[in-house]
Amino acid sequence: MAFFIASSPHAHSRKRTPDLMKWVMVCAMPGLVAQSYYFGLGTIIQLFLAVILAWSFEAGVMLLRGRKPTLALKDHSAMVTAWLLAVAIPPLSPWWMIVIGMFFAIVIAKHLYGGLGQNLFNPAMAAYVVLLISFPVQMTSWMAPIDLQAAPVTMADSFALIFGGYNIDGLSLQQVRSGIDGITMATPLDEFKTALRAGYTSSEILTQPQFGAFAGIGWGVVNLAYLVGGLLLIKLRIIQWYIPASMLAALLVVSGLFALFSPGETASPLLHLFSGATMLGAFFIATDPVSASTTVKGRLIFGAFIGLMVFVIRSWGGFPDGVAFAVLLANMCVPLIDYYTKPRTYGH
């Protein structure tokens, strides 16, 4: 019998890496459907474009490294990276942004470190942060949810806006983004932070139309969909519960304490848990087996640290949603976390 030594991820499952990656995409499907319904079909276009680019960059790098491209393409890890980046950026972002993002994710954040199993950071989140810092206007140009759109954005309009900057009627993205009241809307987290700094109380802010009755119109449903998909991942034993549970628990506890002792100064626990990329981050991003902690105690600390950083960045940072930054900060801490949480050597 031959003994093969391979790099991480080491999954305690009979499923192969391609099977694990396929199940991640299947379980992310409810979130994709909900997101496409509320914020437009541009997400589908971004996804197809991202997958094509991921395959191209993956194959190109493998050829440059003198290896067979099929070896990397068959594990479907590039598709998962493309999926996560496509759903993380605004649906009508210009095409060149997804090109830059996928190049950085596949070539720099993944293969520069040696490929799958060697990368220190989550490739999709590394690319997302690069795009957010470099192009903040485009990366915060989210559509108003379908209930507040002045006119529905068709697939043809989405295609024209992504690749040409104008829809088929000649309207720019800023004009299309205007809601039923003619005001270009921000995401609930962005709107809440901006209004809070302008002197409004949380109760006054929550009366705005985009908040609705549940963590923002559309956003609450999208997060619920990713929650359902994430629970399915746990049930299928594709991921373990340690990181999602500790992340959500930490975010719930710290936001609840601030809501209790400093009411009106920070967002409510409900808004934190079911708006932005919370559930996507907890179940599909933070659980990356390569860049996350590898010990049981370490995963609990890793997840709790992400939850705490998400709250800190959302409350006092310069960006409305802190999931990507929190994950990258936690990735940096993984060697330290693993060192102090490694299990005792057998017989020691």
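Let's start in a loop. Histidine 76 sits between helix H4, residues 69–73, and helix H5. This is a predicted model, so keep that in mind throughout. The phi of histidine 76 is near 65 degrees, a positive value in a residue that is not glycine. Buried or exposed? Histidine 76 has 19% relative accessibility, and buried means under 20%, so it counts as buried.

There is a second residue of this kind. Arginine 237 is not a glycine either, yet its phi is positive, at about 60 degrees. Its place is the loop between H13 and helix H14, the latter being residues 242–261. Arginine 237 counts as exposed, at 71% relative accessibility.

Back to H5, and on to its partner. H5 covers residues 77–88, and helix H6 covers residues 95–108. The two pack at an angle of about 140 degrees, and their axes are 11 Å apart. That angle makes H5 oblique to H6. Which residues make the contact? From H5, we have Ala78, Thr81, Ala82, Leu85 and Ala86. From H6, they are Ile98, Gly101, Met102, Ala105 and Ile106. By class, that gives eight nonpolar residues, two polar ones and no charged ones. The crossing of H5 and H6 is right-handed.

Helix H17 runs over residues 296–316, and helix H18 over residues 323–341. Their packing angle is about 150 degrees, with the axes 9 Å apart. How do the two helices run relative to each other? The cut-off for roughly antiparallel is over 145 degrees, so H17 and H18 fall in that class. The crossing of H17 with H18 is right-handed. On the H17 side, the contact includes Lys297, Ile301, Phe305, Met309 and Arg314. On the H18 side, it includes Val323, Phe325, Leu329, Asn331 and Ile337. The contact divides into 16 nonpolar, three polar and two charged residues.

Stay here for the connecting loop. Aspartate 321 is found between H17 and H18. Aspartate 321 is buried, with a relative accessible area of 16%. What does it touch, leaving out residues up to four places away in sequence? The list is Leu189, Gly276, Ala277 and Arg314. Arg314 also belongs to the H17 side of the contact with H18. For scale, take aspartate 321 and arginine 65. They are 256 residues apart along the chain, and their C-alpha atoms are separated by 37 Å.

Next, the rings. A pair of aromatic rings is described by the distance of the centres and the angle of the planes. How many aromatic pairs does the count give? It comes to 14. I'll show two.

One is tryptophan 96 with phenylalanine 135. The ring centres are 5.0 Å apart and the planes stand at 70 degrees, so this pair is edge-to-face. Tryptophan 96 lies in H6, while phenylalanine 135 lies in the loop between helix H7 (123–134) and helix H8 (136–139), so the pair ties together parts that are 39 residues apart in sequence. Tryptophan 96 is partly exposed, at 29% relative accessible area. Phenylalanine 135 is partly exposed too, at 22%.

The other is tyrosine 226 with phenylalanine 284. This pair is edge-to-face, at 5.8 Å centre to centre and 70 degrees between the planes. Tyrosine 226 is in helix H13, residues 219–235, and phenylalanine 284 is in helix H16, residues 278–285. The two are 58 residues apart, so the pair links distant parts of the chain. Both tyrosine 226 and phenylalanine 284 are buried.

Rings also form a cluster. Ring pairs link Phe39, Trp142 and Trp219. Phe39 leads us to glycine 218. That glycine touches Tyr38 and Phe39, again not counting residues up to four places away in sequence. Where is glycine 218? It is in the loop between helix H12 (202–205) and H13. Glycine 218 is buried, at 5% relative accessible area.

Last stop, helix H1, residues 17–27. Its buried residues are Pro18, Leu20, Met21, Val24, Met25 and Cys27. What do they pack against? Helix H2 (29–39), H5, H13 and H16. One distance to finish. Leucine 20 and glycine 218 are 198 residues apart in sequence, and 29 Å apart in space, C-alpha to C-alpha.

Terms used. Residues numbered from 1 in each chain as written. Predicted model: local features only at pLDDT ≥ 70, side-chain atom pairs only at ≥ 80, totals over all residues. Heavy atoms only, no water. Axes fitted to C-alpha atoms, helices over the stretch in contact; angles between N-to-C directions. Helix = DSSP H or I, 4+ residues; strand = E, 2+ residues; numbered from the N terminus. Parallel < 35°, antiparallel > 145°, perpendicular 65-115°, else oblique. Left-handed = near helix turned anticlockwise from the far one by under 90°. Contact = heavy atoms within 4.5 Å. Nonpolar A, V, L, I, M, F, W, Y, C, P; charged D, E, K, R; others polar. Phe/Tyr/Trp six-rings, centres within 6.5 Å; stacked < 30°, edge-to-face > 60°. Buried < 20%, exposed > 50% of the residue type's maximum accessible area, 1.4 Å probe, protein only.
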